[in-house]
Amino acid sequence: MAIENRGRFQAQGQKLEESVNWAQVDPLYHCQAIVFIENLKNKLTRRDLKIRKNAFAECIDYVNKANKKGGIPAVHNKSFPKNYKERVDLEVHKGVAFLTKSKTQKK
Amino acid sequence: MKYKISNFQGFLKDDEKYKSNVDFWKSKIHEIEPDFKDWMSNHYMNGEKINDGNPLIAVRYNNIAIRIIQTEKNNLQPKFASWIKKYDEFNLTELVVCIQPDPTVYTSTEFLIKLFYKNKYRRFQNKMNLRYNKILNSNRTHFLLNKLEPISASANIIKSNMELNREAFKIVRAVSQKLRPNESIFRNAKISKPYNSSIQKASQITAQISVLRVLDIKEATKINLDFENLKNQISKLKEEVVVEQKSQNTHR
């Protein structure tokens, strides 16, 4: 099966470039996105995480909001906060993201 | 299309203004290269549009792209910040510019886009980032000093009768809500240290007082000590700002 869904969460800054990518047959589900964001947080130093505390909070809020509105289609890119170089980027390159995984899919 | 500030302020609350902001930038970019086309989705799967200025526009032409992010006017936030983003998957180099509605910022951004199109943008981009970072740091430092300097040196945040000094607390809380530690990048470490320490202390005091229901002497002493420390950091910051201003005046 072709990989129809791709994207990444990326922590960026003057001296930082860390990311967590996805490339999968299924859309990126909301629950996966939250885990990926946590994985990205775990890759950062305490200082880098502290600077981006609000950025991660804004990113999670956006993912939750997008989930309630049925998800986001590619190509989509957002920076949190929207006016800083020290930031967290959300990128949907292909397919859709932040959908709710139904009970049958979970099984 | 001419820039008129009244058409841009309050753009997040007014759909017509939002659209005129989008049209303004598209027309400016199309003056440079008419083949720049939208390449990002800006709606949810339910069809609802995302009019939050993040991004205001995102256009692409061959292997270059431009993304403009816009926020409402706020002197304690960056008026201008720009960076380059690479997308290996799309073989694309993107210029990202974050701006606030402001005539000078708009002129600089327009010029930066022209330079980016000619691939001669780096120097100007660095210069603008430095210039606006300096303005931002100055605005934040002055906000901090203006708020905290008037507090009397002998004042405590918890009075001897264990009552909260509400005036002082309001000021400390405002500082911790509007400014965040490590958010500003200062070139002068002598300023960044007392600046960040002050905000950290203000946040600590706000958090301590906000969670307390009943005060005891031990807690009150600790909070007053933190407040004392905050006032000391403010004095240090003021000294360093004066030194920096003097040195700048001498260089001029």
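How many helices and strands does chain B have? I counted 6 helices and 5 strands in chain B, taking helices (H or I, at least four residues) and strands (E, at least two) as DSSP runs numbered from the N terminus.

**Ground rules.** I am working with a predicted model, in which local features need pLDDT of at least 70, side-chain atom pairs count only at pLDDT 80 or more, and totals for chains, interfaces and linings use all residues. Residues are numbered from 1 along each chain as its sequence is written, while chains are lettered from A and ligands numbered from 1 in the order in which they are written.

**Chain B, overall.** Along the sequence I read the pattern α-β-β-β-β-β-α-α-α-α-α. I then looked up the radius of gyration of chain B, which is 23 Å, well over the 18 Å that the globule rule gives for 252 residues, so chain B is more spread out than a compact globule. Here the radius is taken over C-alpha atoms, and the globule rule is 2.2 Å times the number of residues to the power 0.38. Along the principal axes, the C-alpha atoms of chain B fill a box of roughly 70 × 55 × 40 Å.

**A helix pair in chain B.** My next stop was α2(B), residues 103–117, and α3(B), residues 122–148. Their axes come within 9 Å and cross at roughly 155°. Axes are lines fitted to C-alpha atoms, for helices over the stretch in contact, and angles run from 0 to 180 degrees between N-to-C directions. That crossing makes α2(B) roughly antiparallel to α3(B); angles under 35 degrees count as roughly parallel, over 145 as roughly antiparallel, 65 to 115 as roughly perpendicular and the rest as oblique.

Which residues meet there? From α2(B) I noted B:Ser108, B:Phe111, B:Leu112 and B:Leu115, and from α3(B) B:Phe124, B:Gln125 and B:Met128. Contact requires C-beta atoms, placed from the backbone, to lie within 7 Å.

Two strands pair if DSSP finds at least two bridges between them.

I followed β1(A), residues 5–13, which pairs with β2(A) over 9 bridges in the antiparallel sense. A:Gly7 stands opposite A:Trp22.

Back at β1(A) and β2(A), I noted a hairpin with 2 residues between the strands, and A:Gly13 opposite A:Leu16. β1(A) also pairs with β6(A), in the antiparallel sense over 7 bridges, where A:Arg6 stands opposite A:Lys94.

**Where the chains meet.** I found 21 residues of chain A in contact with 20 residues of chain B. On the chain A side, α2 (46–51), α3, β4 (72–73) and β5 each supply at least two residues. The largest share, 4 residues, comes from β5(A).

Note on methods:
Two residues are in contact if their C-beta atoms, placed from the backbone, lie within 7 Å.
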